[in-house]
Amino acid sequence: MLDTKINDSERLYKAIKKSIPAQWNERLDQPTSAAFKDSQGVSVDREGDRSDGEIIYSFKERFELRSVISITAQQCRDQRAHPIAKPLSDNTYHAEIHRSPDKIMLTAGQAKRRKQGFISWREQVRRGL
Amino acid sequence: MNDLLITGYTSTQSADVNLDPGIIDSHQFSIGKIVRSHTSATKGFYPLLNFHRPLDRSFRTLEQICQLTKDWNGYGADPISDGIIQKVKAVLSDLERQPEIFPTARNSVQLEYEKENNDYLEFEFFEDSIRLYMETNGAEEENQISITDIPGKVLQFYAGY
């Protein structure tokens, strides 16, 4: 059972799906900040005790992937965003990133900066696809 | 009439004339306005247009967004409201440069511009408002904007003032 407290060093992974229209800006080869704008909070998976490969495999079982991107909980908090554990019946690693403890939707600035944070790990994760 | 205008534009491109993208967008801007005026009675998108051109690609993306169904993001997102689609559709033809267009899971459509130097301009279309977010030279600006001010803001962004 995962601790509901997300430590600063823990990584949060987001699947960018091969959807139409895409959530990936092909011209710039990076995710759009639109991918982080969700009225329910940004849906991510916690690292837990898993390796990159295990996490990517678990995404691949559920989605057709364009990429997997990640950010640390500390990077989220540096943007004043609020990562919270939200385990689902079929995914104990599930979490959400909210604007703040009492507001769900990220600001445009948080979404954009979040994008830059995710980018820093994108290539490393993508190699596992 | 539409066919003649579109053919003339395409032949310029196929002659391998090395045009600056801004010039091409400017041509696109004029043609877009003319095509729009000749198809204003058509409710849907523009079947005669060529998807290799920026405006036509924008319309195609918007049409794809229009077709999103419930749970399109795998996390319960609702389809994008028709009112938002119509607002975005209305502004696209007035833009000298076409943006990247993306749906969000909070019932909005996002138009993005990003320069080589990472300056960034975004318009997020909601049902009842449009939000601007801009990062230039490391400074952020975020506020509400009127639909009629968007073409000018894009020009300003690329003019660098």
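## Two loop residues in chain B

Asp71(B) sits in the loop between helix H3 (54-66) and helix H4 (82-92) of chain B; helices (H or I, at least four residues) and strands (E, at least two) are DSSP runs, numbered from the N terminus. Asn107(B) is found in the loop between strand S1 (100-104) and strand S2 (108-114) of chain B. Buried means under 20% relative accessible area, exposed over 50%, partly exposed in between (1.4 Å probe, protein chains only).

Chain B has five helices and five strands, arranged along the sequence as α-α-α-α-β-β-β-β-β-α. Its 161 residues are 45% buried. Where contacts (heavy atoms within 4.5 Å) in chain B join residues at least 6 apart in sequence, 45% of them link residues at least 24 apart. The accessible surface of chain B (Shrake-Rupley method, 1.4 Å probe) is about 8100 Å², with 51% belonging to carbon and sulfur atoms.

In chain A, all eight residues of strand S5 (residues 65-72) are buried, so S5(A) is largely enclosed by the rest of the structure. Strand S1 (residues 11-17) of chain A runs antiparallel to S5(A), joined by seven bridges; strands pair if DSSP finds at least two bridges between them. Leu12(A) has Ile71(A) in S5(A) as its bridge partner.

Residues are numbered from 1 along each chain as its sequence is written, and chains are lettered from A and ligands numbered from 1 in the order in which they are written. In this predicted model local features need pLDDT of at least 70, side-chain atom pairs count only at pLDDT 80 or more, and totals for chains, interfaces and linings use all residues, while side-chain values use heavy atoms, leaving out hydrogens and water.
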